[in-house]
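The sequence and coordinates are shown first.

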Amino acid sequence: MDLVGRSLSDDERRVLDLLLEPDFPGVQQLRVQAASVVVTGGCGCGCPTIDLQVPRAVAPAAVTGRLCPFEAEILSAVGEALGIVLLFLDHGRLDVLECAYYDAVSATWPARDRLRLVARR
């Protein structure tokens, strides 16, 4: 099956790679998927959230659950939590990269120095 979509932007790639930096069960397969993932859509609210699709020929990851075990807090210049970045999985495949701000919507991905990687509870 040919994928219909576009490549990740540099900002999207940077955020996805950050979430896949830590070692956890299945991360190697998710990193392989990330190399060929395409963007197939996004959120209509104006935030940068994107829908992802991985080629069927690429193996699913041996992960359980719908969420990546790491998330990124979006921080203000003074370290105040402004939102969160989550990576959703669908049966071991990259599915949605979500950027959710708590009080306002921003159309851009946060800069790397405004993201703090944390293990999900």
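The sections below describe a predicted model, beginning with the sheet and ending with the salt bridges.

## The sheet and the helix packed on it

Six strands form an open sheet in the order 1-2-5-4-3-6, and their pairing is antiparallel. From one strand to the next the twist averages 25°.

## An aromatic pair

The structure holds one aromatic pair. It is formed by Phe 24 and Phe 70, whose ring centres are 5.9 Å apart and whose planes stand at 35°, so the pair is tilted. The pair links distant parts of the chain, since Phe 24 belongs to the loop between helix 1 (10–19) and helix 2 whereas Phe 70 belongs to strand 3, 46 residues apart. Both Phe 24 and Phe 70 are buried.

## The buried face of helix 1

In helix 1 the buried residues are Glu 12, Val 15, Leu 16, Leu 18 and Leu 19. Viewed down the axis of the helix, these residues fall within an arc of 160°, and they therefore line one face of helix 1.

## Salt bridges

Six salt bridges are found in a search of the whole structure, among them one between the side chains of Asp 11 and Arg 14, at 3.2 Å from N to O. These two residues are three apart in helix 1, and so are separated by about one helical turn; Asp 11 is partly exposed at 38% relative accessibility, and Arg 14 is likewise partly exposed at 24%.

Another salt bridge joins the side chains of Asp 23 and Arg 31 at 3.4 Å, N to O, with Asp 23 exposed at 67% relative accessibility and Arg 31 partly exposed at 28%. Glu 71 forms a salt bridge with Arg 120, their closest N and O atoms being 3.5 Å apart. Because Glu 71 lies in strand 3 and Arg 120 in the segment after strand 6, this pair ties together parts that are 49 residues apart in sequence. Glu 71 counts as buried at 14% relative accessibility, whereas Arg 120, with a relative accessible area of 34%, is partly exposed.

Notes
Residues are numbered from 1 along each chain as its sequence is written. This is a predicted model: local features need pLDDT of at least 70, side-chain atom pairs count only at pLDDT 80 or more; totals for chains, interfaces and linings use all residues. Side-chain values use heavy atoms; hydrogens and water are left out. Two strands pair if DSSP finds at least two bridges between them. Helices (H or I, at least four residues) and strands (E, at least two) are DSSP runs, numbered from the N terminus. Axes are lines fitted to C-alpha atoms, for helices over the stretch in contact, and angles run from 0 to 180 degrees between N-to-C directions. Rings of Phe, Tyr and Trp (its six-membered ring) pair if their centres lie within 6.5 Å; planes under 30 degrees apart count as stacked, over 60 as edge-to-face and the rest as tilted. Buried means under 20% relative accessible area, exposed over 50%, partly exposed in between (1.4 Å probe, protein chains only). The arc is that of the directions from the helix axis to the C-beta atoms. A salt bridge is a side-chain nitrogen of Lys or Arg within 4 Å of a carboxyl oxygen of Asp or Glu.
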